[in-house]
Amino acid sequence: MFVTRFTEEFGIEHPIVCGGMTAVGTAELIAAVANSGALGFLTALTQPTPEALAREIQRTRDLTDKPFGVNLTILPTIKPVPYDEYREAIIDGGVKIVETAGNNPAPHLPRFQSAGVKVIHKAVAVRHAVKAEKLGVDAVSIDGFECAGHPGDDDVPGLVLIPAAAKCLTIPIIASGGFATGAGLAAALALGASAINMGTRFVATTEAPVHENVKKQIVMNDERATVIVFRKFRNTARVARNSVSEEILSISERDGSGFEDVAHLASGARGRTEVLEKGDVEGGMWWAGQAQGLIDGVASCAEVVDQIMRDAYELIDKRLPALIATR
């Protein structure tokens, strides 16, 4: 067992996090993550209404008696999202840890803090992490360029981003992007993080609510099997490489093209229905990180967490000390 600032301050057994993932962060997966001793986050906006989120929180409680959190991603949308109502559903559900992402979480912090809810904010740059600390969040999850989803536009990988953040922050840091192994956990701790965040690794688990074809594809894919899309539209995203993401990239590179030219391909509903539900891995755009290249099998959440912890302990306790010259 490792004791870090993250495990101590958040009351979690292992320094491993499963961050919020759209259409994936549901009760079955998050309860399994919690039961493994890690911290998982339900994804609030996967639920169509705040009332549905309240029910999903209760479903999770029915499956685990261990701590879990809720991700609240705050983004500008065409159709207004009742963020305040989602926030209240989280608080009323007795959830004590929230992961915020996207826009500035400041409007929600006073209410969370008054309810005794700890807030972890996801950031993709040191300057954003520093601002989040000044706002009063309890920890920062820092996303390196290797991550699935939106890594920002600075293209800084974790090997540089994590220690750069550690130099500037006093609150715990969760390292995110490219993590799937015990060696990654050991490296993150050495670089100044207090925990690691894994998304793609947890998608390739038996409890993840996605089609088996997706899990098998993640295992088959290597570290090159992702594509960076939407950079032209200042919404840089890393997704799995397939015919759809390649087409999005090709169209985006044309002079004069706009997001409206790829919107039908990039539809989240298409990705959820055709890929995650039906299992057509070429049927839409779906999220995956470079950590695919480190995943060699589908396993339960408990097996994944146990293996990572055993491997990290072996590295730190035996293999690395053996490299130190005694003469």
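Residues are numbered from 1 along each chain as its sequence is written, and side-chain values use heavy atoms, with hydrogens and water left out. Because the model is predicted, local features need pLDDT of at least 70 and side-chain atom pairs count only at pLDDT 80 or more, while totals for chains, interfaces and linings use all residues.

Helices and strands are DSSP runs, numbered from the N terminus (helices: H or I, at least four residues; strands: E, at least two). Helix α6 spans residues 126–135, and helix α7 spans residues 158–168. Their axes come within 10 Å and cross at roughly 35°. Axes are lines fitted to C-alpha atoms, for helices over the stretch in contact, and angles run from 0 to 180 degrees between N-to-C directions. The crossing of α6 and α7 is right-handed. A crossing is right-handed if the near helix is turned clockwise from the far one by less than a right angle, and left-handed if anticlockwise. On the α6 side, V126, V130 and E133 make the contact. Contact means heavy atoms within 4.5 Å. By class, the contact has six nonpolar residues, no polar ones and one charged. Ala, Val, Leu, Ile, Met, Phe, Trp, Tyr, Cys and Pro count as nonpolar; Asp, Glu, Lys and Arg count as charged; the others, Gly among them, count as polar.

C168 belongs to helix α7. With a relative accessible area of 43%, C168 is partly exposed. Buried means under 20% relative accessible area, exposed means over 50%, and partly exposed lies in between (1.4 Å probe, protein chains only). C168 touches V126, V130 and E133, leaving aside residues up to four places away in sequence. C168 and V130 are 38 residues apart in sequence, yet their C-alpha atoms are 6.9 Å apart in space.

Helix α4 covers residues 83–92. Its buried residues are Y83, Y86, R87, A89, I90 and I91. The cover over these residues includes α3 (50–63), β3 (69–74), β4 (97–102) and α5 (109–114). After α4 comes G94, with a positive phi near 80°. I78 lies in the loop between β3 and α4. I78 counts as exposed, at 90% relative accessibility. From C-alpha to C-alpha, I78 and R238 are 23 Å apart in space, and 160 residues apart in sequence.

The loop between β1 (16–18) and α2 (27–35) holds G20. A23 is placed in the loop between β1 and α2. G20 counts as partly exposed at 22% relative accessibility. A23 counts as buried at 17%. Leaving out residues up to four places away in sequence, G20 touches F41, T43, N71 and E99. The C-alpha atoms of G20 and I30 are separated by 9.4 Å, ten residues apart along the chain.

Most residues other than glycine have a negative phi. A23 is not a glycine, but has a positive phi of about 70°. F230, also a residue other than glycine, has a positive phi near 70°. F230 sits in the loop between β9 (226–229) and β10 (237–240). At 6% relative accessibility, F230 counts as buried.

G177 is in the loop between β7 (173–176) and α8. G177 counts as buried, with 10% relative accessibility. Its contacts are E146, C147 and N197, not counting residues up to four places away in sequence. G177 and D222 are 45 residues apart in sequence and 15 Å apart in space, C-alpha to C-alpha.

The second largest pocket has a volume of about 250 Å³. A pocket is an open set of points on a 1 Å grid over the protein atoms alone, where a 1.4 Å probe fits, with protein on both sides within 12 Å along at least five of seven lines. Grid points are joined across faces, edges and corners, and a volume is the space filled by probe spheres set on the points. The pocket is lined by 15 residues; lining residues have an atom within 4 Å of a point. A180, R201, D296, Q307 and I308 lie nearest its centre. The elements giving two or more residues to this lining are α8 (182–191) and α14 (301–319). The largest share, five residues, comes from α14. By class, the lining divides into seven nonpolar, four polar and four charged residues.
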